[in-house]
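Work through the exercises below with the sequence and the model side by side, and try each task before reading its solution.

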Amino acid sequence: MRAQTREIVVGCAASHTAWMEEIVIPNFEAKHGATVLFEGTKSTVNLEKMRGNRDDPYLSVVQMDDPVMILAVEEGVLAPMSADEVPNLTKLRDGAVHLDGMWANSVQPWAGIAYNTGARDGVMAGRPPPTSTRCCRRSCRPRSLSSPTRCHPTPT
């Protein structure tokens, strides 16, 4: 019988490479005595890797955009997390853990709305500025806190 390897493979955004390689990975490896293999790419590429390796998954951790996480859940390529397995889940803000532990957001995403009060042409011409971000479409149901742009502000 062989000992289990202390190696994890992280699929993450390529834009996080410097931060992961300079800060996160060295600190994680030193603290846990594990080797981290980092694959910087796009969320959709990680999903393709998970689909292609469904029977023999090799990615230990993935960081993907929420809309891609939804697809991964629907396709059954994610395993749920529990507070027993990942104690820090209990330290996240309310609403950060989605679909009974299928994924969690570690940061609070933000969305902004800009309104040009001097605009005379276009969609908002002759209309007052928005006063609410409540959705005006009954069919629009944001599926996570990380994708507020899926909702449409209520016109007033």
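The exercises go from the whole chain to the sheet, then to a helix and to single residues.

This is a predicted model, in which local features need pLDDT of at least 70 and side-chain atom pairs count only at pLDDT 80 or more, while totals for chains, interfaces and linings use all residues. Residues are numbered from 1 along each chain as its sequence is written, and side-chain values use heavy atoms, with hydrogens and water left out.

**Exercise 1. The whole chain**

Task: State which pattern the protein follows along the sequence, and what percentage of its residues is buried.

Solution: Begin with the elements, where helices (H or I, at least four residues) and strands (E, at least two) are DSSP runs numbered from the N terminus. The protein has three helices and five strands, and their order along the sequence is β-α-β-α-β-α-β-β. Next comes burial, where buried means under 20% relative accessible area, exposed over 50%, and partly exposed in between, with a 1.4 Å probe and protein chains only. By that rule, 24% of the 156 residues in the protein are buried.

**Exercise 2. The sheet**

Task: Find the order of the strands in the open sheet, and say which strands lie at its edges.

Solution: Two strands pair if DSSP finds at least two bridges between them. Three strands form the open sheet, in the order S2-S1-S3, with parallel pairing. The edge strands are S2 (35–41) and S3 (61–62), each of which pairs on one side only. Strand S1 (residues 7–13) is joined to S2 by seven bridges, and the two run parallel. To place this pairing on the model, look for Glu7, which stands opposite Thr35 in S2.

**Exercise 3. A helix on the sheet**

Task: Determine which strands helix H1 touches, and where H1 has a kink.

Solution: Contact means heavy atoms within 4.5 Å, and axes are lines fitted to C-alpha atoms, for helices over the stretch in contact, with angles from 0 to 180 degrees between N-to-C directions. Helix H1 (residues 17–32) packs on the sheet and touches S1 and S2, its direction making about 165° with that of S2. A kink of about 35° lies at Val24, shortly before the proline Pro26. Just after H1, Gly33 takes a positive phi of about 60°.

Note on methods. Bend = angle between axes of the 7 residues up to and from the residue.
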